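Reader: I would like to go through a few features of this entry one by one. Please give the idea behind each, then the case.

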Amino acid sequence: MATCYPPCAVPGSAAGRARVARSPHIPGCFAYAGLNLTCSMSDEPRLPLGEPAPDCLLPNGRYLHELRGQPVLLAFAPEEWNPAHAHQSTIFTQLLGAFDAGSSAPEAVVSCWHSLSCHGPVAAQFGVAGQRALLLLDEQGRLRWQTTIRPGHELRTGQVLAALEALRPDAPAPCAAAGEAAAGAALAPAGGGLSRRTFVTATLATAALLLLVGAAEAAGPVSPTETQPPMPAPEAATVPVTLTINGEAHRLEVEPRVVLLDALRENLHLTGTKKGCDHGQCGACTVHLDGHSALSCLTLAVMSEGRKITTIEGLAQGETLHPMQAAFVKHDAFQCGYCTPGQIMAATALVQDKQRRSAAEIREAMSGNLCRCAAYPNIIAAIQEIQTA
Amino acid sequence: MHPFTYQRATTPAQAVAAVAPAPGAAFVAGGTSQLDLMKEDVLRPSLLVDVTALPLTTISALNGGLRLGAGVSNTAAALHPEVAARYPAVSEALLAGASTQIRNMASLGGNPLQRTRCPYFRDPAQACNKREPGSGCAALQGINKVHALFGASNSCVATHPSDLAVALAALDAQVQVTGPNGPRTIAFPDLHRLPGDTPQQDTTLAHGELITSIDLPAFTGRSHYLKVRERASYAFALVSCAVALEMEGQKIRRARVALGGVAHKPWRVPAAEALLAGKKPSEKLFRAAAEAAFADAKPLEHNAYKIPMGRNLMERALLETSGLQPLQGPAGTAFAASVGGVSGE
């Protein structure tokens, strides 16, 4: 059987992030005046399916060939830490953990590196240049499945599971079954009627085995091609924070770098506040801090202690919508609805001063909230109705 | 975002004592630009010292002028009746910048310290002497459309993005600072520096020095801020201009003009100011002043458009400040400050 490696640290931990490989250049990626207008990651992973993967020195100091005899999932992602990515890494590793490689190897160990830099030398060997990518190698070290995760997209868990299922000895055809339909069938929970979140959680609850390798060994030897020395990062210590949200005190433990948006969504499951750009450009994450509109993506959770936080969940009184919510419904002030919580939070803060604003003044005051469906005329109509009410 | 430790200070002395001895430490207030750059991996502080609990959030009278606490939000300062009435350029610059949410979060002390919007600075994959000294300047031969006309070097051609800073430079505001070596006062035009060979240093502040207030001197003239941008709202200036005009009868006693978006710091134009002093306002005079202001401009490959744009903007700002042309909107609002109007009406 394969060599058994010590388990890795919790995905997203400091050890898992310790290697920093910088790209000298990201082709086609150009940020102008702070707006990531285009990020054309045209290069797709180039390794053909079924071919043996190139051997390489992994960030943990081991060579890829040492992992023969077990499926290996290579996850390439930017070094930039992001709770959503960390969460997804957890899902990948747990899926791998739950995967039974077959009767021939009941004690099979599965592997996952969640922090292979998509700009690093390993990535280059696999033809990954800047984009997030996931590659699955079979027990013989052949590439069996690969996918690129485009900017702004997230991978469906079902795709990974389907790819893993296709590795089973009795699978109908390798990789052919790796489609969303197959994945959906494999994952469909009994009973139905579950929300997307519950569904993911339910899937994860079936993960019985969690045995990982790699990232914990990040303190090992470094590939000579990695010239950028790792940034000595302080330990990711959490601090206790009490947040007063919608009149209720919540006590949580977060790292200082966790922004309020992630604390709301990931720690407290208040997912009404949306993550759009995560850089203060779109307004989808707008909340009220002490009654004023603010961007939760650019506010540290630790700095929000002692402030009165209101989210979209705090506007309605029981089943009765806030007048602004009702006005948005009445005026059809949204299409896809993703920006709507932020729009409504910005709008409710705006009308607090009881001023009667012209349409132009509303546009100017609301310019920090983007709506890609362009429901702007209806948003303005909704706000105008409330301010004249 | 790289991990860091966090402390909340309650006095300026405490904040300075926490930051000064730690080379990787930084103050944090609104965080609107800072956290963005931390997420982009451009800034990697090891310690953030929160200065939002410091007692620096008031606006008070001072020697005929106003003392603006460094912790006052951009919104609170812009809408303060004394600021809007006596220093409309300040309110206009603030309200023509960023979005409502960001103005609510941002602080007056932090605003002038925001980093450049040069896209090469903000992309860690690109060469940038400001971000990584010695790595080169990708903008010099790159897409340098939003870059400097004045005072640049071969190390850096970045511009300073703050609107407020341009207004404060024209008004000769003073910056009160406290630091490891005690308090000192900096004339606003001396707060920022030119890049030279050390573009990593934006200002003349030493590590651990904290801005405690921005003091607006007594001023009875007219002031105005005008800004050209690519969108009607929520965009940085391509070129901007702040004017502080003091009249004596029909003639200009003193004119101070600062340009934004054209240099590593708010760019005062002494030659043009000298030309305006003692003269009667006229279109011809203002045109000549604008010509003088841009006489020494050194365009790069993609930013020569800023020269005619800047000349026209400065002329118009002078015309509007002097009353020869009407403001486009109520004084002290974003509508007065925005060339081309706001919001596509």
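Reader: Is the crossing of H5(B) and H7(B) left-handed or right-handed?

Author: This is a predicted model. The crossing of H5(B) with H7(B) is right-handed. The contact draws on B:Ala89, B:Val90, B:Ala93 and B:Leu94 from H5(B), and on B:Asp163, B:Leu164, B:Val166, B:Ala167 and B:Ala170 from H7(B). By type, these residues are eight nonpolar, no polar and one charged.

Reader: At what angle do helix H5 and helix H7 of chain B pack?

Author: Helix H5 (residues 88-95) and helix H7 (residues 163-170) of chain B pack at about 165°, and their axes are 8 Å apart. An angle over 145 degrees counts as roughly antiparallel, so H5(B) and H7(B) are roughly antiparallel to each other.

Reader: Which residues have the most contacts inside the largest nonpolar core?

Author: They are B:Ala93, B:Ala167, B:Ala170 and B:Ala242, in a core of 161 residues. H7(B) supplies the largest share of this core, seven residues. Beyond its neighbours within four places in sequence, B:Ala167 contacts B:Ala89, B:Val90, B:Ala93, B:Tyr225 and B:Ala242.

Reader: What is the phi of B:Asp41, and what is that of A:Asp278?

Author: Most residues other than glycine have a negative phi. B:Asp41 has a positive phi of about 70°, and A:Asp278 has a positive phi of about 65°.

Reader: Is B:Asp41 buried or exposed?

Author: B:Asp41 is buried, because 21 other C-beta atoms lie within 10 Å. B:Asp41 sits in the loop between helix H2 (34-39) and strand S3 (47-50) of chain B. A:Asp278 has 19 C-beta neighbours inside 10 Å and therefore counts as partly exposed. A:Asp278 lies in the loop between helix H6 (260-267) and strand S9 (286-289) of chain A.

Note on methods
Residues are numbered from 1 along each chain as its sequence is written. Chains are lettered from A and ligands numbered from 1 in the order in which they are written. This is a predicted model: local features need pLDDT of at least 70, side-chain atom pairs count only at pLDDT 80 or more; totals for chains, interfaces and linings use all residues. Axes are lines fitted to C-alpha atoms, for helices over the stretch in contact, and angles run from 0 to 180 degrees between N-to-C directions. Helices (H or I, at least four residues) and strands (E, at least two) are DSSP runs, numbered from the N terminus. Angles under 35 degrees count as roughly parallel, over 145 as roughly antiparallel, 65 to 115 as roughly perpendicular and the rest as oblique. A crossing is left-handed if the near helix is turned anticlockwise from the far one by less than a right angle, and right-handed if clockwise. Two residues are in contact if their C-beta atoms, placed from the backbone, lie within 7 Å. Ala, Val, Leu, Ile, Met, Phe, Trp, Tyr, Cys and Pro count as nonpolar, Asp, Glu, Lys and Arg as charged, and the others, Gly among them, as polar. A nonpolar core is a set of buried Ala, Val, Leu, Ile, Met, Phe, Trp, Tyr and Cys residues joined through C-beta atoms within 7 Å. A residue is buried if 20 or more other C-beta atoms lie within 10 Å of its own, exposed if 12 or fewer, and partly exposed in between; C-beta atoms are placed from the backbone.
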